[in-house]
Amino acid sequence: MKQAHVLVVGGLDHTLDKLDQLGIRYSMMQTLARVNERQYRAATRYAVMDYEDMEEVLLLARAWHARDPFDAVVSFTEYGLHPASQCAIDLGIPGDNLEAVLHTRDKIDMRELLGRHGLSPVRYQVCQTVDDAKRFFRSLEGEGMVLKPFAGGLSEGVFFVDAEEDLEARWNGSREVMDGPILAEEFLHGPEFSVESLSINGQHLIAMITEKETTALPRFIELGHQVPARLDEAQQAAVKELVSRFLDIIGQKTGPAHTEIRLTPSGPRIIESQTRVGGDQIWEMCEMVSGVNLTGETVAVLTDIPRPERKPVAKAAAIRFFSYENARILDVRGIERAQGAPGVIRLECQLQAGQRYETLKSSNSRQGYVLCVGDTIEQAVANAEAARDAVQVAWEPLTAQSGGLG
């Protein structure tokens with residue numbers, strides 16, 4: 001039987017691990033910042049490029065496809081989703097999820113779509129100027145709001161505002177991320193979760209609901225996650241129904257989605273969604289606990305080969321991140337001992353003596369993580385926090401005099 005050949009647009013090595021497990025060869029378009037030896041040595045063809053340049057992407061995809069045809073196109077990374085779908089359409093092969101990608105990549109479009117369908121009602125305003133945001137804030141009559149760029153990810157430029165005197169500074173913080181309109185939304189009260197789903201030809205499976213730990217307001221940077229979420233049957237049913245309807249509305253075809261929600265006093269409400277696997281090893285925790293291989297099953301369906309068997313290996317999992325800020329690291333000890341702590345699957349720590357860390361601005365600002373399992377979610381969380389804390393970090397605050405923040 002002929003070996004399947006897939007075009008991969010961007011991404012990390014864990015995507016390629018899944019292709020290897022399926023016995024699929026790949027050619028890859030990769031941005032310079034993510035190039036590594038493993039990728040280009042194993043690839044049939046490999047191009048270092050800006051894969052957001054749609055014209056260049058299509059020219060190269062056509063040339064490669066003419067020489068050595070692809071069976072499908074995939075991307076599981078934020079900025080590769082659009083070009084991957086466009087390639088699939090252009091080449092006439094599986095992998096097109098363009099409608100869902102466009103609806104979720106543009107947060108304003110997504111909010112307007114939900115409004116037209118009366119799903120997950122949230123008060124919002126598209127703001128071109130800070131005065132627009134001030135008027136919307138006043139209309140909330142004392143309630144807080146959230147400012148976010150109309151596109152992007154990693155919690156960059158997302159800020160909570162509960163006082164008008166703070167609004168302009170936080171508007172500028174959002175504006176630093178990208179030009180264009182800023183979306184202002186009412187702040188949704190309640191615990192935050194993400195929903196990991198897998199769609200096959202428009203049929204949706206809710207694979208896992210994930211609890212989240214984030215920074216204190218006004219930021220929303222994620223500091224940890226744990227699965228499976230501690231929700232009762234009614235809450236789970238409401239979340240699953242909401243997300244399944246949402247996936248129908250955006251036109252999700254075949255592939256994973258990572259949908260962020262808050263469980264408010266009025267029921268679950270959608271914050272945003274991405275048509276890819278969840279980052280922060282959420283995809284890995286989902287597979288360990290549910291057995292659902294989000295990447296592998298997607299590729300198998302698109303290339304018409306048997307899907308990998310679902311084999312859960314843990315009852316619960318948790319991850320905690322090293323998240324130092326406004327600090328100069330003096331010493332780091334105990335990493336090897338922490339790696340051997342109960343429940344640890346993996347510990348990665350980039351902290352080193354002499355490094356300086358200013359304010360956390362996005363998920364990329366964190367300095368590593370510890371991933372753990374347990375027989376219960378409480379045990380998994382306890383294992384992750386104990387292993388993280390077993391890494392002994394000596395540090396001092398940054399000051400204006402030491403070259404940091406005042």
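Arg219 and Glu325 form a salt bridge, with their closest N and O atoms 2.9 Å apart. The bond joins distant parts of the chain, for the two residues are 106 residues apart. Arg219 sits in the loop between strand S10 (203-214) and strand S11 (222-227). Glu325 sits in the loop between strand S14 (316-321) and strand S15 (327-333). Arg219 has 18% relative accessibility, so it counts as buried. Glu325 has a relative accessible area of 25%, so it is partly exposed. Keep in mind that this model is predicted.

The peptide bond from Leu217 to Pro218 is cis, with omega near 20°. Pro218 lies in the loop between S10 and S11.

Now turn to Arg230. The side chains of Arg230 and Glu378 meet in a salt bridge, 3.4 Å from N to O. Arg230 is in the loop between S11 and helix H9 (233-250), while Glu378 is in helix H13 (residues 377-390). The two residues are 148 residues apart, and the pair links distant parts of the chain. Arg230 is partly exposed, with a relative accessible area of 44%. Glu378 is partly exposed at 46% relative accessibility.

Arg320 pairs with Glu385, and their closest N and O atoms are 3.2 Å apart. Is Arg320 buried or exposed? Arg320 counts as buried, because its relative accessibility is 3%. Glu385 counts as partly exposed, at 29% relative accessibility.

How many salt bridges does the structure hold? The structure holds 31 salt bridges. Some charged residues are joined in a network. Arg111, Lys148, Glu185 and Glu272 are linked by salt bridges in this way.

Asp50, Glu52, Asp53, Glu55 and Glu56 form a negative surface patch. Take Glu56 as an example. Glu56 is placed in helix H3 (residues 54-67). Its relative accessibility is 38%, so Glu56 counts as partly exposed.

Next comes helix H1, which spans residues 13-22. Which residues of H1 are buried? They are His14, Thr15, Leu16, Lys18 and Leu19. These buried residues pack against strand S1 (5-9) and strand S2 (25-30). They also pack against helix H2 (37-42), helix H10 (282-290) and helix H11 (294-303). After H1 comes Gly23, whose phi is positive, near 75°.

Ser120 is one of them, with phi near 55°. Ser120 lies in the loop between helix H6 (107-117) and strand S5 (124-127). Ser120 counts as buried, because its relative accessibility is 6%. Asn201 has a positive phi of about 50°, although it is not a glycine. Asn201 is found in the loop between strand S9 (192-200) and S10. Is Asn201 buried or exposed? At 63% relative accessibility, Asn201 counts as exposed.

Finish with Ala257. Ala257 is placed in strand S12 (residues 255-264). With a relative accessible area of 1%, Ala257 is buried. What is Ala257 in contact with, leaving aside its neighbours within four places in sequence? Its contacts are Val195, Glu196, Ser197, Leu247, Gln252, Ser273, Gln274, Thr275 and Arg276. The C-alpha atoms of Ala257 and Thr399 are separated by 42 Å. Along the chain, Ala257 and Thr399 are 142 residues apart.

Terms used
Residues numbered from 1 in each chain as written. Predicted model: local features only at pLDDT ≥ 70, side-chain atom pairs only at ≥ 80, totals over all residues. Heavy atoms only, no water. Salt bridge = Lys/Arg side-chain N within 4 Å of Asp/Glu carboxyl O. Helix = DSSP H or I, 4+ residues; strand = E, 2+ residues; numbered from the N terminus. Buried < 20%, exposed > 50% of the residue type's maximum accessible area, 1.4 Å probe, protein only. Patch = residues over 30% accessible without salt bridge, like charges linked within 9 Å, V, L, I, M, F, W, Y side chains within 5 Å. Areas by Shrake-Rupley, 256 points an atom, 1.4 Å probe, with all protein chains shown as cover. Lys, Arg positive; Asp, Glu negative; His and termini not counted. Charge placed at Lys NZ, Arg CZ, Asp CG, Glu CD. Contact = heavy atoms within 4.5 Å.
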